[in-house]
Amino acid sequence: MTRLVDLGFDPWFEARDHDVRREGQDIARVSAVDRSSYLIRNEVGEVPAELAGKFYFHAESSVELPCVGDWVAVQYHNDDTEAIIHGVFPRRTFLRRKRAGTEVDYQMIAANIDIAFIVQSCHFDFNLPRLNRYLVMAADGHVEPIVILAKTDLISPDELQQKLEAIRQAGITTRVIALSNVTGSGFDGFHQVLMPGRTYCLLGSSGVGKTTLINHLTGRDDLDTKAVSGTGEGTHTTTRRQLIVLDKGIMFIDTPGMRELGLLGAGEGVSKGFEDITELSMACRYADCSHTQEAGCAVLAAIANGELSEERYSGYLKLRKESEHYEMSYLDKRKKDKAFGRFIKTVKKNLKK
Ligand SMILES: Nc1nc2c(ncn2[C@@H]2O[C@H](COP(=O)(O)OP(=O)(O)OP(=O)(O)O)[C@@H](O)[C@H]2O)c(=O)[nH]1
Ligand SMILES: [Mg+2]
Ligand SMILES: [Zn+2]
């Protein structure tokens, strides 16, 4: 039988139990969200849930509302087929991005993730600045990242080698797994990372193969995937974030592809993705050095002597600019989800069986 600990409710959360949960309430994990509709999961199964009214009165921003992966305190009713969410446990880790056009408001993507797989496809999608942005997002939320270069079957081994080298040359030291859902190559390395009771999140553009990866692991075609057009434009096949528990107790959060990733975490995140530059900047003459023109700038000196690559430096500047003058143009026009309504209905129907 599944226990809460199998779903990731470990001593860290247990220690916070009495702060969050009131008498008569149970613990569950949020497995899907759509506006005010939720699915929650416990050791027994998955049921629909709604937020207690107090959330609407007291929540100061959407960040305080439960998101996929959150642990929540709930009250079951109607023969345990429905629940009300009363409280959210603190998040040990999270993935979030800044909301378009606002200064401080974030949008939560998922919570309590052990490893974020940042998926890029080898041919159309490969893009180092974007990869850096995802790495910053992971660092901001204290999530360990692993890069997945998918669809290796579409390029030659030489081309793959060049891409791997480009990643290293950009100063990215994160683990990279190159794999193909078609040939199955690279899956050994992927399997090695996966452990029961751990939660993994798939991030990356639409059409790179995130959902296919999960289907490949389950050996079933439960989740919808769709071919990408000739230009590589994805069509957002996955429309909601969803926590999936595989047979072996490995948990995956699948997410809809992000067309463009604006930014993200605060300044801390930027410097975290670029520790090498942060370290260099300790030696700058001025504490508020902008590393662009100042005399005695250790970052510029490092470029001059070849210690720091131009490419990495411009990646840093670009990212800094984006987080300063925040601008986000990603298309988050998810087709509003009749699909989710149907999903809830299916779950309810299955419960009655
Ligand atoms: N050649 C090749 N095609 C793949 C591979 N993995 C996935 N695909 C195909 O790529 C297309 C998109 O895959 P999805 O899994 O739907 O992509 P996704 O990242 O989940 O996309 P969104 O849900 O829109 O974010 C499908 O037609 C898959 O069959 C691969 O390793 N090689
Ligand atoms: Mg998908
Ligand atoms: Zn400097």
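Keep in mind that the model is predicted.

Let's begin with the core. The largest nonpolar core has 71 residues. Five of them touch the most other members: Ile40, Val72, Leu95, Ile118 and Cys201. Helix H4, residues 128–140, gives this core its largest share, 7 residues.

Take Ile118 from that group. Which residues does Ile118 touch, leaving out those up to four places away in sequence? Leu131, Tyr134 and Leu135 are on the list.

Next, helix H7. This helix covers residues 210–218. Its buried residues are Lys210, Thr211, Thr212, Leu213 and Ile214. What covers them? Just past the helix sits Gly219, with a positive phi of about 70°.

Now to strand S1, residues 26–34. Is S1 mostly covered or mostly open? Mostly covered: 7 of its 9 residues are buried. S1 has an antiparallel pairing with S4, residues 71–77, through 4 bridges. In that pairing, Asp26 stands opposite Val74.

S1 also pairs with S2, residues 37–41. That pairing is antiparallel too, with 5 bridges. Here Asp34 has Ser37 as its bridge partner. S1 and S2 make a hairpin, with 2 residues between the strands. One residue in the turn, Arg35, takes a positive phi of about 50°.

That's the tour. Thanks.

Notes: Residues numbered from 1 in each chain as written. Chains lettered and ligands numbered in written order. Predicted model: local features only at pLDDT ≥ 70, side-chain atom pairs only at ≥ 80, totals over all residues. Core = buried A, V, L, I, M, F, W, Y, C linked by C-beta atoms within 7 Å. Buried ≥ 20, exposed ≤ 12 C-beta atoms within 10 Å, placed from the backbone. Contact = placed C-beta atoms within 7 Å. Pairing = 2+ DSSP bridges.
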